Amino acid sequence: MMNPQSASKPLIIVKLGSAPASVSARFGDYEQHIAALLADSGLPLQIVRAVDGEALPDYRQIAGAVLTGSPSMVGERKSFSETVRGWLQQAVPAGLPVFGICYGHQLLADAFGGEVGANPNGLEIGTIPLERQPACDGDPLFAPLPPQLCANATHFQSVLKLPAGAVALLANRHDAHQAYRYGKNAWGVQFHPEFTAPLMQAMLELRRQEPAAAGRDTDAEIAAVRESADAAGILRRFAAFVCRR
């Protein structure tokens, strides 16, 4: 059941960057796919283009926040990112529900003392396997997940060390912190629950000529891409969590 107070406040999608132009021109950008997944939540949605310098709202005037991916790196300390970082340091302890995706996942961890850097295993891209961790039990977003699932991802960097008090929720051989919860109301996922299979295939095709793709069987990775209802469901349950508050 929706809390009437939550229904009157927007759920914001904080735009931290854009997908490659050739991909976003065909399929739309990160925030559009996130908004499409949340369209049935009943919450008013508002996109805040933080990457372009748009001011973040007072966290007391919104129901929750979703942080998008970005081609930037947290360690670059770009001004827009540092602004969002400071905002998170106020909003999350105050109880605002926050859901970070890829760059957003890393920025959230960094804001509270986690360590972000190059993944020692290199690039992870495509439809990846994930394993449910014990901390999923009782978690309002992750408890319904099966022991093994998949999601679509593309990243060079990872959360190498979680903030104190955070708990890992999903992991695989490539990255021990594919998803985590910080406190009671903030989550991060390294993968992209909003990615469709065609968008993921386009990202793989774009990476084909990059040095990081050397030695990879890109054709096989493209053929293996599939949709992940499990991953999309996590983001939808975040919206339901926001509605109930």
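D29 is buried, with a relative accessible area of 8% (buried means under 20% relative accessible area, exposed over 50%, and partly exposed in between, with a 1.4 Å probe and protein chains only). This is a predicted model, in which local features need pLDDT of at least 70 and side-chain atom pairs count only at pLDDT 80 or more, while totals for chains, interfaces and linings use all residues. Residues are numbered from 1 along each chain as its sequence is written, and side-chain values use heavy atoms, with hydrogens and water left out.

You will find D29 in the loop between α2 (21–27) and α3 (helices are DSSP runs of H or I with at least four residues, strands are runs of E with at least two, and both are numbered from the N terminus). Setting aside residues up to four places away in sequence, D29 touches K15, G17, S18, A19 and S24 (contact means heavy atoms within 4.5 Å). R237 is 208 residues from D29 along the chain, and the C-alpha atoms of the two are separated by 22 Å.

## Helices α3 and α8

Two packed helices are described by the angle between their axes and the distance between the axes. For helix α3 (residues 30–38) and helix α8 (residues 229–244), the axes come within 9 Å and cross at roughly 70 degrees (axes are lines fitted to C-alpha atoms, for helices over the stretch in contact, and angles run from 0 to 180 degrees between N-to-C directions). That makes α3 roughly perpendicular to α8 (angles under 35 degrees count as roughly parallel, over 145 as roughly antiparallel, 65 to 115 as roughly perpendicular and the rest as oblique).

Which residues of α3 and α8 make the contact? On the α3 side they are I34, L37 and L38, and on the α8 side A232, L235, R236 and A239. Sorted by class, the contact of α3 with α8 has 6 nonpolar, no polar and 1 charged residues (Ala, Val, Leu, Ile, Met, Phe, Trp, Tyr, Cys and Pro count as nonpolar, Asp, Glu, Lys and Arg as charged, and the others, Gly among them, as polar). The crossing of α3 past α8 is right-handed (a crossing is left-handed if the near helix is turned anticlockwise from the far one by less than a right angle, and right-handed if clockwise).

## Helices α4 and α5

Helix α4 (residues 79–91) and helix α5 (residues 103–111) pack at an angle of about 60 degrees, and their axes are 9 Å apart. α4 and α5 are therefore oblique to each other. Here too there is a handedness to note: α4 passes α5 in a right-handed crossing.

From α4, the contact takes in F80, S81, V84, R85, L88 and Q89, and from α5 it takes in Y103, L107, L108, D110 and A111. By class, the contact of α4 with α5 has 7 nonpolar, 2 polar and 2 charged residues.

## Positive phi in two loops

R77 has a positive phi of about 55 degrees although it is not a glycine. R77 sits in the loop between β3 (64–67) and α4. Is R77 buried, exposed or partly exposed? With 37% relative accessibility, R77 counts as partly exposed.

C102, also a residue other than glycine, has a positive phi near 55 degrees. Its place is in the loop between β4 (98–101) and α5, and C102 is buried, with a relative accessible area of 8%.

## Cysteines

How many disulfides does a search of the whole structure find? The search finds 0 (a disulfide is a pair of cysteine sulfur atoms within 2.5 Å). For C136, the nearest cysteine sulfur is that of C150, 15 Å away.

C136 counts as buried, at 0% relative accessibility. C243 counts as buried as well, at 7% relative accessibility.

M200 belongs to helix α6 (residues 197–207) and is buried, with a relative accessible area of 0%. Leaving aside neighbours within four places in sequence, M200 is in contact with I125, G126, N152, A153, T154, F195 and V225. M200 and Q157 are 43 residues apart along the chain, with 18 Å between their C-alpha atoms.

Y182 lies in strand β10 (residues 179–182). Not counting residues up to four places away in sequence, Y182 touches V92, F112, P163, A164 and A166. Y182 and A109 are 73 residues apart in sequence and 8.2 Å apart in space, C-alpha to C-alpha.
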